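Subject: Structure handover

Hello,

Here is the structure for your files. My notes on it follow below the entry.

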Amino acid sequence: MKFKLLFAAFSISIILFFSCTDENDQNNTYGTLKVQLTDAPFPHDLVAEANVTIFKIDARYKGDTPLDTQSIDSTDMTIENDKGAPFIVLMENEIQTNLLELTNGTTQNLVNLDVPVGSYDLIRVYVKGVNVVLKDGSTFDLNVPSGSQSGIKIFIKPSLIVNGGLTSDLLLDFDVSRSFVQNGNGFKFKPVIKASNMSTAGSLMGTITAIEQDSIYALEGAQVAVVVADTINTTTFSDVDGGYMIMGLDVNSYNVVVEKDGYLMQTEEDIQINAAKKTVQDFELTVEE
């Protein structure tokens, strides 16, 4: 099986960290919400920057009990109602990011906020200033359909549960290979984002090396494709040190295919991904004859 990409794929991952805190009482009415931004590597010959400005993030509260508005009013937290549903505003600051600088686990902090306990089933991400800059200096400014007015809606299934004094992880995987669509001589922005609960999802990571004349060296720019049922689930590329990481994979058994021009393709079958675990799988490619 040979996977070739007309336009290389990359992804943005927004990670919501709720880490366990022993000092906090589990019966607290608030849990801490941290938001970080990361991206998978994107090897390219023409693209220098892929910029996006996130200026607001909110989450829909679906708890079994009504919010204690009196308690919330005494804090800096903002609640907005949309068709009767309360949304907790997590962030309202402009943060511009060149997504190509956030690769293989490198993250940028977006939010650190205590939120009411309960379940959250929808995240909205408000973006603007989306553009692609080529290495020759050409810039393509892209329209953001509804992303700046009503936000990009990402449903969380099953709902994310926030417990008092405890934490969980939510990964928002921004599939740029399907979101940045080549359109004639430019690009069109059609955001595709997947939500994965990191307490029930896992990660795949490892190092890709090559061997030539009994010499082993790190291999940059090798494409790693995660495949299930003969369908590519996601892809990434190795960095300058040969490392790669894919987060937010559902618990399952996957085939992983690694390839790079000039090297023999390598396939590893039935790699098991477990909940809240990092699976390590290294690859060693051989130069083609």
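Strands (E, at least two residues) and helices (H or I, at least four residues) are DSSP runs, numbered from the N terminus, and two strands pair if DSSP finds at least two bridges between them. This is a predicted model, in which local features need pLDDT of at least 70 and side-chain atom pairs count only at pLDDT 80 or more, while totals for chains, interfaces and linings use all residues. Residues are numbered from 1 along each chain as its sequence is written, and side-chain values use heavy atoms, with hydrogens and water left out.

Sheets and overall figures

An open sheet of four strands runs in the order β18-β17-β20-β21, with antiparallel pairing. Its edge strands, β18 and β21, each pair on one side only. Direction ignored, neighbouring strands of this sheet are turned by 25 degrees against each other on average; the axes are lines fitted to C-alpha atoms, for helices over the stretch in contact, and angles run from 0 to 180 degrees between N-to-C directions. Strand β20 (residues 252–259) is joined to β21 by six bridges, and Ser-253 stands opposite Gln-272 in β21.

The chain has two helices and 23 strands. Of its 289 residues, 49% are buried; buried means under 20% relative accessible area, exposed over 50%, and partly exposed in between (1.4 Å probe, protein chains only). Contact means heavy atoms within 4.5 Å. Among contacts between residues at least 6 apart in sequence, 72% join residues at least 24 apart.

Strand β19 (residues 243–250) has seven of its eight residues buried. Six bridges join β19 to the antiparallel strand β15 (residues 201–212), where Met-205 has Met-245 of β19 as its bridge partner.

Cores

A nonpolar core is a set of buried Ala, Val, Leu, Ile, Met, Phe, Trp, Tyr and Cys residues joined through side-chain atoms within 4.5 Å. The largest one has 45 residues, and those touching the most other members are Leu-90, Ile-123, Val-127, Val-130, Leu-172 and Phe-189. Apart from it lies another core, of 18 residues, including Val-226, Tyr-254, Val-256 and Phe-283. Leaving out residues up to four places away in sequence, the residues that Phe-189 touches include Val-127, Val-130, Leu-142 and Phe-174.

Salt bridges

A salt bridge here is a side-chain nitrogen of Lys or Arg within 4 Å of a carboxyl oxygen of Asp or Glu. By this rule there are six. One of them joins Asp-58 and Arg-124 at 3.0 Å, N to O. Asp-58 lies in strand β3 (residues 47–61) and Arg-124 in strand β8 (residues 118–134), so the pair ties together parts that are 66 residues apart in sequence. Asp-58 is buried at 0% relative accessible area, and Arg-124 is buried at 5%. Asp-58, Asp-82 and Arg-124 are linked in a network of salt bridges.

Arg-60 and Asp-121 form another bridge, at 2.9 Å, N to O. This pair links strand β3 to strand β8 across 61 residues. Arg-60 is buried at 18%, as is Asp-121 at 12%.

Asp-250 and Lys-194 meet at 3.7 Å, N to O. This pair links β19 to strand β14 (residues 193–197), 56 residues apart. Asp-250 is partly exposed at 40%, and Lys-194 is partly exposed at 34%.

Backbone points to check

Most residues other than glycine have a negative phi, and most peptide bonds are trans. Asp-230 has a positive phi of about 60 degrees; Asp-230 lies in the loop between β17 (223–228) and β18 (231–237) and is exposed at 71%. Asp-270 has a positive phi of about 55 degrees, lies in strand β21 (residues 266–273) and is exposed at 58%. The peptide bond from Lys-157 to Pro-158 is cis, with omega near -10 degrees, and Pro-158 lies in strand β10 (residues 152–162).

Lastly, Asn-93 lies in the loop between β5 (85–91) and β6 (95–98). Asn-93 and Lys-56 are 37 residues apart in sequence and 6.4 Å apart in space, C-alpha to C-alpha. Beyond its neighbours within four places in sequence, Asn-93 is in contact with Ile-54 and Phe-55.

Regards
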